[in-house]
Structures are given as C-alpha cells and as structure tokens.
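Here is a short report on one protein model. Please look at the sequence and structure first.

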Amino acid sequence: SLEVKLHAAYTYPDALKMLEETFQSFPHITEVYYQRDTLKTLNRHVRQFNVVLLIVNTFLLLIFVALINNMVRMYLYAKRFEINTMKQVGATDAFIRRPLVGQGVVFGILGALVALFALVALAWWCYEEGLHLLLPSSMRLLKQFLLFPIVVIGLGVLISWITTSVAVNKFLKMEFDDLFQ
C-alpha cells in the first residue's frame, strides 16, 4: 500500500484522471483509489464559494468606487471657486483639469499603496499564525501573487483618474450662479 498526498493544483478531476492513468501504467500498481464523490462535492462547493466571493467583491468594488467618487466630488466642491476664478481669467479647461486630475491620480496611488500595505500585513499575520492561505504555494500562484500589486495600483489610478475627470468636467461646465447651490 502506498499513500500519495497531492498538492492543491492536482485535486481537479482532469489532473486526478491523468495521475490515475499514470499510476496505473506502472506494472506493480494494481489499483488506484481515491474518494471521487467527496472530491467532486468539495470541488463543487469551492466553485460555489468562488461565485459568492466574486459577487461580494463586485459589490464591494462598486461601494468603493462610489465612496471614492463622493470624496473626489467633495474635494473639488471645496475648490469650485478656484476653478471658476481660473476660468474667468482665461485659463483653458485643459490647464485647469491637468493639475486636479494629476492630484487625484496621486491620491489613487497613495490609497492603493495603503491597501497593499494592509494586505501584506494581513498575509504576514496569517503566515505567523500558521495559516498559509494567503501565500502562494507554487510558482504559478507566485506569478499571480506578484501581479496583484500591479493590478491594485492600476485600479487605484484608473478609478481616481475617471472619477476626478468626471467631477472636474462637471465643475468646469458650471456657471458662476450655479456655484452657490
């Protein structure tokens, strides 16, 4: 009797079938046994959990975008008189927009870095507690793990750039009398 423990990457039905065929090709192995039903049930539950996580994460992303949008709009609302003054002295829309959008992007980068720091601290804490759930266990996962900071910073820049651009355009289109409402 030989017991084989598999890494998580080999617990999918296709990989198990390939391993079963490989093991059965050896002349000294007569039977390969594993709990197929339990594994199918587990994989089904993992897929369902992933769908639920995707829905929750999408909902949270929408909430974060709404919060960022409101923060940017409040910040620009406080600068609405400066924006109008620049318009009155002849500044072009691009001249007004560029520094405000640039500042919004810098805030987006800073927010993404804070989020990354919090996630690294959480991963470190989990590692210290013996929970290796958040750390990569293979090279394939390591590549995805290293891509994660780029995605987080990219999303921070993209969301802040879009929300700032939309809010600045709104205040650029306002007439002087509308500033007091």
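Valine 56 sits in helix H2, residues 36-78. Helices here are DSSP runs (H or I, at least four residues), and strands are E runs of at least two, numbered from the N terminus. Valine 56 is partly exposed, at 40% relative accessible area. The classes are buried (under 20% relative accessible area), exposed (over 50%) and partly exposed (in between), with a 1.4 Å probe and protein chains only.

Val56 belongs to a nonpolar surface patch of about 690 Å². Patch residues have over 30% relative accessible area and no salt bridge; nonpolar side chains (Val, Leu, Ile, Met, Phe, Trp, Tyr) are joined within 5 Å, like charges within 9 Å.

## Basis of the model

This is a predicted model: local features need pLDDT of at least 70, side-chain atom pairs count only at pLDDT 80 or more, and totals for chains, interfaces and linings use all residues. Residues are numbered from 1 along each chain as its sequence is written, and side-chain values use heavy atoms, leaving out hydrogens and water.

## Helix H2 and the fold

The protein chain has 5 helices and 0 strands. Buried residues make up 20% of its 181 residues.

H2 has 43 residues and reaches 63 Å from first to last C-alpha. That is close to the expected 63 Å, taken as 1.5 Å times one less than the number of residues. The buried residues of H2 are Leu39, Asn43, Val72 and Leu76.

## The core

Two of these, Val72 and Leu76, are in the largest nonpolar core, which has 12 residues. A nonpolar core is a set of buried Ala, Val, Leu, Ile, Met, Phe, Trp, Tyr and Cys residues joined through side-chain atoms within 4.5 Å. H2, helix H4 (93-128) and helix H5 (139-172) each supply at least two core residues. H5 gives the most, with 4.

Phe171 is another core member. Leaving aside neighbours within four places in sequence, phenylalanine 171 contacts Arg73, Leu76, Tyr77, Arg80, Ile83 and Lys87. Contact means heavy atoms within 4.5 Å.

## Around helix H3

Asparagine 84 lies in helix H3, residues 80-88. Asparagine 84 is buried, at 7% relative accessible area. Beyond four places in sequence, asparagine 84 touches Met174, Glu175, Phe176 and Leu179.

The structure holds 1 salt bridge. Glutamate 82 forms a salt bridge with lysine 79, the closest N and O atoms being 3.7 Å apart. The criterion is a side-chain nitrogen of Lys or Arg within 4 Å of a carboxyl oxygen of Asp or Glu. Glutamate 82 is partly exposed, at 45%.

Key
Accessible areas come from the Shrake-Rupley method with a 1.4 Å probe; for residues, only the protein chains shown count as cover.
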